[in-house]
Amino acid sequence: MAVGEALNLTINLTVATGATQVTVTSEAPIVESAKTDVSGLVDSREILDLPINGRRVDYFVLTQPGVTNDAAYGLLTFRGMAAGNSFLTDGIDTTNTFYDENAGRTRSYNIPLDAVQEFETVTSNFLPEYGRASGGVVNTITRSGSNDFHGSAYWFFRNRTLNATDPTSLGYNPPDWRHQAGLSVGGPIQKDKLFYFFNGELERRDAPIVSGNTTNTLFNAQGQPTGATNPVTGCGGSSYATPATPAQCTTLINFLETRVVPQLVPRTVDNNLLFGKTDYQISERNRWSTEFNYLDFRSPNGIQTSSVLTNGGAVGNNANTNVFDRTLKSGLTTVVASNAVNQLQFGMFKDRQYDPNSPSLEPPTGPSSFSITTGSLSNIGYATSYPRLHPSELRFQLADTYSWTLGINAIKFGVDWAHTEDYDYYFPNQFGTFTYANINALALDFSDPVNGKNWTTYTQTFGNPLWDGNSKDMALFAQDEIHVTPKLVISPGLRFEYNWLPQPAAPQALGSLNIPADWPDTAHLYYKAPDWAPRIGIAYTIDSRTVVRASYGLFYNRYISQITDGLAKGNGSYQPQYSLSSTVASQFAAGPAFPNRLPSEPAGQANAPTVQFDLPGFRNSYSEQAQISVQRQLDRSTSVTVSGLWNRGIHIASAYNANLSTPTNFYTYAIDNSALQQVGSFTVPLYTRANLINPNYNGVYAMTSNGNSWYDGLVISVSHRYTSWFEGQANYTWSHAIDDNFGGAAGNSGSEGVIYAQTVPTSFYNNDFADEKGTATTDQRHKLILVGIVNPKFTNSTDWWSRTFVNGWQLSFISTFASSLPLDSIIGGVSSTTLPTVTGTSLFSTSTINGLGSVSRVPFQPVDNLNIGPTFGTNARISKLFPIGERYSVQLAFEAQNVFNHTIPQGPDARQQEEYQLEKLGGVSTLVPYPFYGQLTQTLAPSMQDGTTARRAQASIRINW
């Protein structure tokens, strides 16, 4: 049996004579009469024979129905739920709690593919023994040794010879070579008693990034100044009260050209993986196993994983990255009685992610960050988030499960305890960030580091960079599989989870401010400790070929450590953040001259920190899931399943600014066409500094958990298990995902997603989440996956020629046909010089058109209105097996990803999202169409392996014995 399978056998035995031998042989049934969840199994044949890109095991998940990735960062999405998944290795939790992602996150893969026996993906309505997930569960089962000695050695190689040029790469086809090689061996240490399995794998890759900065209007795609040298609005232009001198402009433009010109940014990858496992059959009733997994991943300039970045991120938002993982699992399985089994497991999980800054990318002005609003030029300074140890996570887990068959009941109950430590060094924006209204203002400061103060805003973080958070969680579950009749199975169950989370350091007074008195909620982390999750499933066998299933349950996600960490550091005094505005005289006076930073917190009237906390009632998110399905066996090897899926996500993280009252000022923006003729208008309320409830503070962001999501889906799956020549499946999913515009797991276009502690309002209007309801970033209406492995047999001859050249060929493929994922269209060019003037006060924020500083979407457009483009792609492999004697064989293979080189946009910058640019025309703040709106800018989400969806090909050799 495979992981996750439920098998019912009815065997009638009669008393036989001593000389009689009874042998029972049978294939596993196609229709599983006791199964109540929606899940898929990937077996060892598929794992080794299918053309999976980069040999990442978790990519197989995307072949399952009801699963996609979000448009922003490519993270796995089950039933429209951004994040909220649980990743297990042999039943032990190997989920990175800090990011709510798989171990190693998206830059590396945690376990070598050749160490995996099979894995199960449960997309909906999993049993109570699984928890800490509101989305899906991926359970990876590793290989073990046996009484026979087996092994394999393999090598995969690719370079740019057969690679297609990425359509966004400005004509570059950069050198990109990769070696992946490994060795697997397994066998007996003591026959019938003690077994071992080992795999070692390494990857060496040279993959420079094609860098450009094509989405600004100051420089063209070749990095040559256009708008930067405009005689009126460019550097030194006549429209400025103090034009920069020609020398100042030349100095700045020469520097900016080095940041925006198309170039290759060096990047390499060194990845080492080790996996070892021993199994010891202590006695007939006791079996003990221990396994250890090791990952060492290092990538200079590897924070950015895309092959092409046209937004300047390869230079201005990049760093080195290192991932170190250690996993230990040990377990004892005991047959207590003929009808009872106990499984005791211990697990240790270490995931350390250290990202030092890259000295080669630091600008000569030092580690400050800066951008120009008019012209939308960013990523020209220093990447503000580095260096960081973010995080070093250590988990110890102890679990015990008891399975007991009693009459018509198959009972299972267990307990699971885990202690997780997240040690984090994270000090974002410690060197300060300047924003400039125009290129002229930056030129004045760039050449005058002593007196240059022409910036619009300045922000900087102070305080303690270290956070050591320890959380504990316990789970109890009980479930039963009741065979009411031979046709009817009911599976009721209940899961109980209890969490203990770390509390933040007590807030303190900052100068004249008394944070605990002003905002008492900063002293607490509110959360709801106990979670009760009832679940029930029903399976009814209509006949020997047809089963109907239905199920419903509650599924709670884990508390995400990054939210806990963010709330602890954002309580106003642990890591106070100061935002200074040039329009407030006292704040401007307290600010530094470019490119310097403040040595300590600003004093006096400039004391305006940003504060963050959660409100009473905040809790972890959960989902309600329901499904009904019918499975029908078509022939002895083929079945079809039709499933209806429904999902409701509840208590998803959101935030608003608790320091702003209802606005009383309004402004009507003109909307022009490309010929600057007015075609419409739009009125918004303006949030001003006069609306501050406590003017001694800037943003005071209250985090709530009142977000929602909805999902309806129809899944049709046809599966044909392995026969003499073919194995395959076809999965079609129609679905509609709706949410409150979270922007996926990690966010996009102003939203910070669901895995972060929100530091800006998550709605365009303050505390108005209803207006954000619409099509979700995770919405993919249609998705068809075709998977096949073809092993033709051309002749029945067994002579040398037939065995060596005629037979032994194999073709395998994965084809994906999916409709587009969406993103928000946004407004750019928003600054103090383009925003309207409010008499007697100033706008609270100069980053959005309503002064709130929230999401930057176009408010009169539907949520997620920009489709990035459909996915049509086929990965294919052709291989030939050459037998050498009875024991050895050599397999040669050639495979390609996206064989037909379809353009497949993916990622947060797949299309230029800026639909309008804010300009001031005749004294009126006007929305002008942005000329690059909808332009293809990126073809791959940051989580994907190649950094591009353009065709990639590789050859491989495998030696088996």
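Predicted model: local features only at pLDDT ≥ 70, side-chain atom pairs only at ≥ 80, totals over all residues.
Helix α2 comprises 15 residues, 246-260. The buried residues of α2 are Gln-248, Cys-249, Leu-252, Ile-253, Phe-255, Leu-256, Arg-259 and Val-260. These residues cover an arc of only 165 degrees around the axis, which places them on the same side of α2. An α-helix has 3.6 residues a turn, so residues three or four places apart point the same way. On the other side of α2, Pro-246 and Ala-247 are exposed. The cover over the buried residues of α2 includes strands β15 (263-265) and β21 (369-372), together with helices α3 (313-316) and α4 (439-446).

Helix α6, residues 561-569, is mostly covered, with nine of its nine residues buried. The buried set runs from Ser-561, Gln-562, Ile-563 and Thr-564 through Asp-565 and Gly-566 to Leu-567, Ala-568 and Lys-569. Among the elements that cover these residues of α6 are the strands β22 (388-406), β23 (409-425), β26 (466-483), β33 (609-614) and β38 (700-720).

Strands β2, β3 and β4 form an open sheet in the order β2-β3-β4, with antiparallel pairing. Strands β2 (67-69) and β4 (81-82) are the edges, each pairing on one side only. Two bridges join β3 (residues 76-78) to β4 in the antiparallel sense. Within this sheet, Thr-77 stands opposite Ala-82 of β4.

Definitions and conventions. Residues numbered from 1 in each chain as written. Heavy atoms only, no water. Helix = DSSP H or I, 4+ residues; strand = E, 2+ residues; numbered from the N terminus. Expected span 1.5 Å × (residues − 1). Buried < 20%, exposed > 50% of the residue type's maximum accessible area, 1.4 Å probe, protein only. Arc of directions from axis to C-beta. Contact = heavy atoms within 4.5 Å. Pairing = 2+ DSSP bridges.
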